[in-house]
Amino acid sequence: MPLHEIDSAEALKAFLQGSSVIVCFSATWCGPCKASKPTLEALANEMTNTIKIGIVYEDTLKEAIHDYNVRAFPTYVSYEQGTEQNRVEGADFEAIRKMIASGKASSFESEGQSLGGSNLSAREARLARLGGTTTNTEDESTKDVDMKDAKANDEAAADDKPAAKKEET
């Protein structure tokens, strides 16, 4: 089955009402989206009579894209009769194949082109690099403490650098 190019918000709503569909939310400016489209087309051809795969661009949906909770491009979402089943953020075709095979409601996330908002793994990496803690990351009150810890560690490291240079001379 060929890749379905979805050209309007109304066409997307109609497409989602089918059984076993996957929609790729994409952007014309997104490098990984462009690079992964041939693989998506091959996957759509491979899934003959199994699952319909469509692609829709953010500039086609405009503000309606927010109705689909798209936080990164590309985002692949499977639907059954209009209800979201699975989601993959980023061009991770191994995860997409697992999503297709599972048929269960779960979430597979990988790196995508961030649209802003919360990306917990990026935050954890940033804190680890800065020496902050990563415990209880969902609690807003600890986020400030975590960053203060990281800032204090940076300041302490900066204080140590001049002392090390003085010992060398």
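Does Asn49 count as buried or exposed, or in other words, what is its relative accessibility? In this predicted model, where local features need pLDDT of at least 70, side-chain atom pairs count only at pLDDT 80 or more, and totals for chains, interfaces and linings use all residues, Asn49 counts as exposed, at 76% relative accessibility. Residues are numbered from 1 along each chain as its sequence is written, and side-chain values use heavy atoms, with hydrogens and water left out. Asn49 is placed in the loop between α2 (31-46) and β3 (52-57), and its C-alpha is 7.0 Å from that of Met1, although the two residues are 48 residues apart in sequence.

The protein chain holds 6 helices and 8 strands, these being DSSP runs numbered from the N terminus (H or I and at least four residues for helices, E and at least two for strands). Read from the N terminus, the order of the elements is β-α-β-α-β-α-β-β-β-α-β-β-α-α. Of the 169 residues, 33% count as buried, and the accessible surface of the chain, computed by the Shrake-Rupley method with a 1.4 Å probe, comes to about 9900 Å², with 50% of it belonging to carbon and sulfur atoms. Among contacts (heavy atoms within 4.5 Å) with a separation of 6 or more, 55% are accounted for by residues 24 or more positions apart.

Helix α4 (residues 93-102) has Phe93, Ala95, Ile96 and Met99 as its buried residues. Viewed down the axis of α4, these buried residues fall within an arc of 155 degrees, taken over the directions from the helix axis to the C-beta atoms, so they line one face of the helix. The face turned away from the buried side of α4 carries the exposed residues Glu94 and Ala101. Glu94 has a relative accessible area of 55%, and its side chain meets that of Lys98 in a salt bridge (3.5 Å, N to O), a term that requires a side-chain nitrogen of Lys or Arg within 4 Å of a carboxyl oxygen of Asp or Glu. Because Glu94 and Lys98 are 4 residues apart in helix α4, about one helical turn separates them; Lys98 is partly exposed, at 45% relative accessibility.

The count of salt bridges comes to 5, and others among them connect separate elements. Arg97 forms a salt bridge with Glu46, with the closest N and O atoms 2.7 Å apart; this pair links distant parts of the chain, Arg97 being in helix α4 and Glu46 in helix α2, 51 residues apart. Both partners are partly exposed, Arg97 with a relative accessible area of 39% and Glu46 at 45% relative accessibility. In a further salt bridge, the side chains of Glu5 and Lys37 meet at 2.8 Å, N to O. Glu5 lies in strand β1 (residues 4-5) and Lys37 in helix α2, so the pair ties together parts that are 32 residues apart in sequence; Glu5 is partly exposed, with a relative accessible area of 46%.

Glu89, in strand β6 (residues 83-89), is buried, with a relative accessible area of 5%. The side chain of Glu89 makes a polar contact with the side chain of Arg71 at 3.0 Å, such a contact being a pair of N or O atoms within 3.5 Å, of which, within protein, one must be able to donate a hydrogen and the other to accept it, while residues adjacent in sequence count only if both atoms are side-chain atoms.

Key: Buried means under 20% relative accessible area, exposed over 50%, partly exposed in between (1.4 Å probe, protein chains only).
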